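Hi,

Here's the structure I promised to pass on.

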Amino acid sequence: MFLAKKLLFIASACSVAFAASAQTGASTTWPDKPVTIVVPFPAGGSTDMVARAMAQQMGDKLGQNFVVDNRPGATGTLGAGAVKRAAPDGYTLLVSSLGAFVVAPHLLKSVPYDALKDFDYITVPVQAPNVLVASPGQKARTVKEVIAQLKANPGKVSFATSGNGSSDHLSAEVFWQQTGTEGLHIPYKGGAPAINDLLGGQVDFSFQNVNAVLQHIRAGKLHAIAVTGDKRSPVLPDVPTLAEAGVAGAEVYSWQGMAAPKSLPAAVKQKLAEAAIAAINDPAVKKRMLDQGLEIVASTPEAFTAYQAREFARWKTVIETRKITAD
């Protein structure tokens, strides 16, 4: 009996050692096959652009193909859910805007993942403030004038957004909340149609991602009034922040994040994070991002995990307080 127990113990120890050895071996060889980066939005948008720039650099650095797979649908939750269900081996990654991580879980009745528990957070490569812009026919040039217009016409001054729960929509909601005003929300299916109607004067104002409207501001087609960051945007140095214009507590950033299915091997997670951070800090990539109004963050997994939790709690409160829905 004693001998049988001893043999069983030895066999169990060998199994554990073999499993650990196998995991270590897989970790040290990662990646030895192509890596898929799921982008839960259509090709051509900001998130897709960031993901493709990182994929190219990470592939060059690690000697393996990093392939972007666009899986749009359900405000980003379709692609995020697919990544959650993938094996936690470093071969399936997610690059998404903040929507799938910290907005959709509060906006939709159900999402196919737990944003706080189902992912290993790798890095926030970039962020960008939104900018309050006025359509060509608007006379308002300052935040004070916008607020006066809103108070004179409660619920009638239109604000275009790229959709319910988008960062530009949330920026407008926080702005109205902090100024005690109320505008007329006009949601579009994406930023492009919202910007087109703004340029055409069909809507009055919008909080758009800086990189999405920078060319129109520089061309004089849209008037920039204030940015939502905690500091001025380097590409719009003459445009004040909302705080500088007298509206406190309305800081909003649009950001992209890279994540993986929960329980990545520690060595793979470290190698992945190092490659991702190096990719966004590559001089050519960095310049391209900065020129478009994006700001480099390149956070560590620990910093991203903490930031995601704070953003999750913040937007839960805003969405519930403002009674924002997906419809």
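Below is what turned up, starting with the overall picture and moving on to rings and helices.

A caveat before the details: this is a predicted model, so local features need pLDDT of at least 70 and side-chain atom pairs count only at pLDDT 80 or more, while totals for chains, interfaces and linings use all residues. Residues are numbered from 1 along each chain as its sequence is written, and side-chain values use heavy atoms, with hydrogens and water left out.

The protein has 11 helices and 11 strands (DSSP runs numbered from the N terminus: H or I of at least four residues for helices, E of at least two for strands). Its C-alpha trace spans about 90 × 40 × 30 Å along the principal axes. Of the 327 residues, 50% count as buried, meaning under 20% relative accessible area with a 1.4 Å probe, protein chains only. Take the contacts (heavy atoms within 4.5 Å) between residues at least 6 apart in sequence: 78% of them join residues at least 24 apart.

Now the aromatics. Rings of Phe, Tyr and Trp (its six-membered ring) pair if their centres lie within 6.5 Å; planes under 30 degrees apart are stacked, over 60 edge-to-face, and the rest tilted. That rule gives 14 aromatic pairs. One of them is edge-to-face: tryptophan 30 with phenylalanine 66, at 6.5 Å centre to centre and 90° between the planes. This pair links distant parts of the chain, 36 residues apart, with tryptophan 30 in the loop between α1 (2-29) and β1 (35-39) and phenylalanine 66 in strand β2 (residues 66-70). Both tryptophan 30 and phenylalanine 66 are buried.

Phenylalanine 159 and phenylalanine 205 have ring centres 5.5 Å apart and planes at 35°, so that pair is tilted. Here strand β6 (residues 158-161) supplies phenylalanine 159 and strand β8 (residues 205-209) supplies phenylalanine 205, 46 residues apart. Phenylalanine 159 and phenylalanine 205 are buried too.

There's also a cluster: ring pairs link Phe101, Tyr113, Phe119, Tyr121, Trp255, Phe304 and Tyr307.

Finally, how do helices α6 and α11 pack? Helix α6 (residues 167-179) meets helix α11 (residues 301-321) at an angle of about 70°, with axes 11 Å apart (axes are lines fitted to C-alpha atoms over the stretch in contact, and angles run from 0 to 180 degrees between N-to-C directions). The contact is made by Leu170, Val174 and Gln177 of α6 and by Arg314, Trp315, Val318, Ile319 and Thr321 of α11.

Cheers
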